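Hi there,

Here is the structure I promised to pass on. Have a look at it first, and then read on for what turned up.

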Amino acid sequence: MSELVVVAFRDQYRAAEVLNELRRREWDWVSDLADAVAVALDGNGGVRIQLNVDLSPGGTPRWIGLWRSLLSTTLFMPDPGALSASKSQTTDSANGNGRPSQSACVPCDPAWWKEDFRMSDAFLRDVGAVVKPETSAIFMLLHSEQIFPVLRQLHNYGNMIIHTTLTAEQDEKLGAVLALA
């Protein structure tokens, strides 16, 4: 089973710092952070999103669409522009033609999280309540068998941790969306 985790911070710069520090650790679950994102909201309504870019065919575009739709849903944003721009600029490195990759088109709009995925309303509400202007957060999908030790390790870094365990059906749906590349 998987766990969708959001670690929130009281300032807009801390999430990126912590995500980079966590990636340097030698814990078993750190490989799951390869597709995590750090999100920072400034006081003027601006959003900055930091993610790793996997240049292999179909690598990052699948996750861009997924995170874009989740951020739109949880943070009540119409469409985080940074991810839309990244998504539209992703090119297909396999054929080298420089055109947008077909894998960039993940069929995952914000409504998917509620209607098809059946994400907990409490989780969506709590994330939206905690991640506010002048704060930051790390959004990650963890696949650890033992989630509570991982959450304890994360607690050493974050001010607030919000998480939800995905059901087997949700895990399957998420895998299907990510495999569409």
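L142 has 0% relative accessibility, so it counts as buried (buried means under 20% relative accessible area, exposed over 50%, and partly exposed in between, with a 1.4 Å probe and protein chains only). This residue is found in strand β4; strands (E, at least two residues) and helices (H or I, at least four residues) are DSSP runs, numbered from the N terminus. The C-alpha atoms of L142 and S2 are separated by 5.5 Å, although the two are 140 residues apart along the chain. Leaving out residues up to four places away in sequence, L142 touches M1, S2, E3, V5, W29, D32, L33, I147, V150 and L154, where contact means heavy atoms within 4.5 Å.

Before going further, please keep in mind that this is a predicted model: local features need pLDDT of at least 70, side-chain atom pairs count only at pLDDT 80 or more, and totals for chains, interfaces and linings use all residues. Residues are numbered from 1 along each chain as its sequence is written, and side-chain values use heavy atoms, with hydrogens and water left out.

W67 counts as buried at 1% relative accessibility, and F139 does so at 0%. In another pair, the ring centres of W113 and F117 are 5.1 Å apart and their planes are at 70 degrees, so this pair is edge-to-face too. W113 is buried, with a relative accessible area of 2%, and F117 counts as buried at 2% relative accessibility.

Now to the helices. In α1 (residues 14-24), the buried residues are A15, A16, V18, L19 and L22. Seen down the axis of α1, they fall within an arc of 165 degrees, so they line one face of the helix; the arc is that of the directions from the helix axis to the C-beta atoms. Their cover includes β1 (3-9), β2, β3, β4 (135-142) and α6 (147-155). In helix α7 (residues 168-178), Q170, L174, V177 and L178 are the buried residues. They cover an arc of only 95 degrees around the axis, which puts them on the same side of α7. The face turned away from that buried side carries the exposed residues A168 and E172.

Strands β2 (residues 37-41) and β3 (residues 47-51) run antiparallel and are joined by 5 bridges; strands pair if DSSP finds at least two bridges between them. A40 stands opposite R48 in β3. The two strands form a hairpin with 5 residues between them, and G45 in the turn has a positive phi of about 90 degrees.

Lastly, some backbone angles to look at. Most residues other than glycine have a negative phi. R118, however, has a positive phi near 60 degrees; it lies in the loop between α4 (110-115) and α5 (121-130) and is exposed, with a relative accessible area of 58%. E134, found in the loop between α5 and β4, has a positive phi near 70 degrees.

Best wishes

Methods. Rings of Phe, Tyr and Trp (its six-membered ring) pair if their centres lie within 6.5 Å; planes under 30 degrees apart count as stacked, over 60 as edge-to-face and the rest as tilted.
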